[in-house]
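This report covers helix packing, salt bridges, overall dimensions and one backbone angle. The sequence and model come next.

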Amino acid sequence: QSGTWRGKSFIGGGRSRVRAVLFMAALVAIRHNPVLKAFRDRLVEVGKPKIVAVVAVMRKLLTILNAIIRDQKPWQTA
């Protein structure tokens with residue numbers, strides 16, 4: 001959530017199975033991918049709730065996967 005959001009954040013809607021798979025993939029990525037771990041840690045440092053940071057990683061994973069499919073190239077950090 002950007003800005004000074006007040007209230008609870010909820011993730012919902014869409015396909016629950018896809019959301020569950022993305023959530024687990026985000027947890028694994030946070031643990032093993034240094035770029036995504038740094039992204040999540042930076043969000044938590046500025047005061048975002050941990051679950052909001054995980055959802056942000058989920059969205060970033062989707063963006064990365066879409067770019068990989070679009071360009072037909074493996075993901076590179078630089």
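## Contact of H1 with H2

In this predicted model, Ala29, Ile30 and His32 of helix H1 meet Pro34, Leu36, Lys37 and Arg40 of helix H2, where contact means heavy atoms within 4.5 Å. These residues divide into 4 nonpolar, 1 polar and 2 charged. The classes are set by residue type: Ala, Val, Leu, Ile, Met, Phe, Trp, Tyr, Cys and Pro are nonpolar, Asp, Glu, Lys and Arg are charged, and the others, Gly among them, are polar.

H1 spans residues 16-32 and H2 residues 34-45; their axes come within 6 Å and cross at roughly 100 degrees. H1 is therefore roughly perpendicular to H2. Angles of 65 to 115 degrees count as roughly perpendicular, under 35 as roughly parallel, over 145 as roughly antiparallel, and the rest as oblique. The axes are lines fitted to C-alpha atoms, for helices over the stretch in contact, and the angles run from 0 to 180 degrees between N-to-C directions.

## Basis of the values

Residues are numbered from 1 along each chain as its sequence is written, and side-chain values use heavy atoms, with hydrogens and water left out. Local features need pLDDT of at least 70 and side-chain atom pairs count only at pLDDT 80 or more, while totals for chains, interfaces and linings use all residues.

## Salt bridges

The count comes to 3 salt bridges, each being a side-chain nitrogen of Lys or Arg within 4 Å of a carboxyl oxygen of Asp or Glu. Lys37, Arg40 and Asp41 are linked in a network. Lys37 pairs with Asp41, with the closest N and O atoms 3.0 Å apart. These two residues are 4 residues apart in helix H2, which means a separation of about one helical turn. Asp41 also forms a salt bridge with Arg40, at 3.2 Å between the closest N and O atoms.

Lys37 is partly exposed at 38%, and Asp41 is partly exposed at 24%. Buried means under 20% relative accessible area, exposed over 50%, and partly exposed in between (1.4 Å probe, protein chains only).

Arg70 and Asp71 form another salt bridge, with the closest N and O atoms 2.8 Å apart. Arg70 is exposed, with a relative accessible area of 60%, whereas Asp71 is partly exposed at 38%.

## Overall dimensions

The protein chain has 3 helices and 0 strands, in the pattern α-α-α along the sequence. Helices (H or I, at least four residues) and strands (E, at least two) are DSSP runs, numbered from the N terminus. Along the principal axes, the C-alpha atoms fill a box of roughly 40 × 30 × 20 Å.

Of the 78 residues, 22% count as buried. The accessible surface is about 6,300 Å², and 59% of it belongs to carbon and sulfur atoms; areas come from the Shrake-Rupley method with a 1.4 Å probe, and for residues only the protein chains shown count as cover. Among contacts with a separation of 6 or more, 56% are between residues 24 or more positions apart.

## Backbone at Gln72

Which residue has a positive phi although it is not a glycine? Gln72 does, at about 55 degrees. Most residues other than glycine have a negative phi. Gln72 lies in the segment after helix H3 (50-71) and counts as exposed at 66% relative accessibility.
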